[in-house]
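Let's take a walk through this fold, starting with the whole chain and then zooming in on a few local spots. Keep the viewer open as you read.

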Amino acid sequence: MTPTEVPEAELEVDLGAILANWRDLCARHGAAVAGVVKADGYGLGAAPVARALAGGGCRHFFVAQWAEGMALRAALGDGPMIAVLGGFPPGADAGAGLTPVLNTPQDIAAWGNVAATPAGTILHLDTGMERLGLTRAERAALAPGALDRLGLRYVMTHLACADDPAHPLNALQAARFAEAAGAFPGIPRSFANSAGLFLGPDFASALARPGCALYGINPTPGHPNPMRQVMRLTVPVLQVRRVAAGTPVGYGATWVAKRDSMVATIAAGYADGYLRALSSQGTGIVAGRPVPLVGRVSMDLITLDVTDAPDLRPGDRVEMIGPSQTADEVAALAGTIGYEVLTSLGARYRRRYLPA
Ligand SMILES: *Cc1c(COP(=O)(O)O)cnc(C)c1O
C-alpha cells in the first residue's frame with residue numbers, strides 16, 4: 001500500500017436489488033407503487049436510487065422536504081410525480097414541478113393563492129397518527145370549492161402501526177380512511193407504506209408508498225424478511241496489533257484483553273453513523289465469520305478483537321453492515337431500528353453503485 005492509496009470505507013449499493021424489491025412490491029400490491037426516497041434515499045442515495053426505479057417504470061416518488069424534491073427533479077428530469085410529504089416552504093415556486101402534500105387548512109389556503117399548480121397536490125387526511133394531515137373536524141369544515149383549483153391528484157393517509165399486524169389501530173385507520181376519502185369521490189387514494197403492503201387487501205390503494213422495504217429493511221418484523229438485501233458497508237483495516245492479556249483498549253479503557261489478543265483498528269466511527277451505542281455490542285464480518293467489536297466506538301475508528309481471524313492484514317476489509325449482518329440486526333444490537341441505521345450512514349463513505 002503506497003501513501004496515495006489511503007483506504008476508504010465503502011458503501012456498495014445494489015440498484016438492481018432495489019429495483020427487484022420495488023417489482024416484488026408492485027406484484028404484491030397489484031396497483032401503482034411509488035418510491036419513497038426521502039432522507040437521501042434512506043441514506044443510500046436518492047438520485048441513483050430514483051433513477052434506477054424510474055428506469056424500471058416507477059412514475060411516483062415521495063420526499064420529505066422541498067429542497068429534496070428540487071434536487072430529485074434535477075436528477076430525474078420531467079415526467080415522474082415528485083411529491084413532498086412536508087408540504088411547501090414560504091415562497092416555494094409552484095412552477096418547480098413538485099407536488100406538495102397539503103397537511104393543514106392553512107396549507108390549502110396558502111397553496112390555493114398560488115397562481116397555477118401544474119404538478120397538482122395531494123391532500124393528507126389524518127386517520128390516527130395525530131401528526132400531520134387534516135383532522136376529521138378540519139375536513140368537515142372545508143369550505144365548498146376550497147380544493148377546486150388545487151389539482152388534487154390523491155388523498156392519502158399514513159399508518160401508525162403497520163409493522164404490528166395485530167394492532168387494532170390498523171383496521172380503525174382503514175375504516176376511517178374509507179370514510180374520509182369518500183368525501184372526495186373520483187380522487188385516487190394512497191395508503192400503505194412498506195409494512196402496510198403486507199396487511200392485506202383492506203390496505204391496498206391506487207398508490208402505495210413504500211420506503212424501507214425497497215432498501216431491504218424487513219417490512220414484516222418477527223417473520224422472515226421477504227426483501228432482498230441491497231447494501232454492504234466494508235471498512236478497511238488500518239492496523240492490527242498484539243495486545244497482551246490485561247491491557248485495556250480504547251476510550252475509557254472499557255475493554256480489557258482477557259488473553260493475549262490481536263486487535264484490528266478499522267477506519268469508520270460514530271461520525272460516519274456507526275452508532276456509538278454499538279460499543280462492545282457490534283460485530284465485524286471477516287471471511288464470513290463474526291469478530292467482536294471491543295471497547296468504545298470512537299469518532300473515526302472502531303476496534304475489533306481479531307485473535308480468531310489470524311490472516312487479517314492492514315488494507316483488508318471488514319463487513320460492518322450487509323448481507324451477513326443486516327441493518328435490522330445491527331439496529332437490534334444498538335437498541336434502534338434499521339431505518340435509523342440506514343439514514344445515519346455517513347457522508348464520508350465512498351458510494352459504489354451496482355447498476356440496475
Ligand atoms: C416515510 C413515509 C413512508 C414510507 O414508510 P416506510 O415505512 O419506510 O415504508 C410512507 N408515507 C409517509 C407519509 C412517510 O412519512
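**A tour of the chain**

The protein chain holds nine helices and 19 strands, where helices (H or I, at least four residues) and strands (E, at least two) are DSSP runs numbered from the N terminus. Bear in mind that this is a predicted model: local features need pLDDT of at least 70, side-chain atom pairs count only at pLDDT 80 or more, and totals for chains, interfaces and linings use all residues. Residues are numbered from 1 along each chain as its sequence is written, and side-chain values use heavy atoms, with hydrogens and water left out.

First, the overall picture. Along the principal axes, the C-alpha atoms fill a box of roughly 80 × 45 × 35 Å. Of the 356 residues, 51% count as buried; that means under 20% relative accessible area, with exposed being over 50% and partly exposed in between (1.4 Å probe, protein chains only). Take the contacts (heavy atoms within 4.5 Å) with a separation of 6 or more: 63% of them come from residues 24 or more positions apart.

Now zoom in on helix H8, residues 327-334. Which of its residues are buried? They are Ala-327, Val-330, Ala-331 and Ala-334. Looking down the axis of H8, these buried residues fall within an arc of 100°, so they line one face of the helix; the arc is that of the directions from the helix axis to the C-beta atoms.

Glu-130 has phi near 55° and sits in the loop between strand E7 (121-124) and helix H6 (136-140). Glu-130 is exposed, at 64% relative accessible area. Ser-280, with phi near 60°, lies in the loop between strand E14 (261-266) and E15. At 41% relative accessibility, Ser-280 is partly exposed.

Follow the chain on to E15 itself. Strand E15 (residues 283-286) pairs with strand E16 (residues 289-292) in the antiparallel sense, over four bridges; pairing requires that DSSP finds at least two bridges between the strands. Val-286 has Arg-289 of E16 as its bridge partner. Two residues lie between the strands of this hairpin, and Ala-287 takes a positive phi near 50° there.
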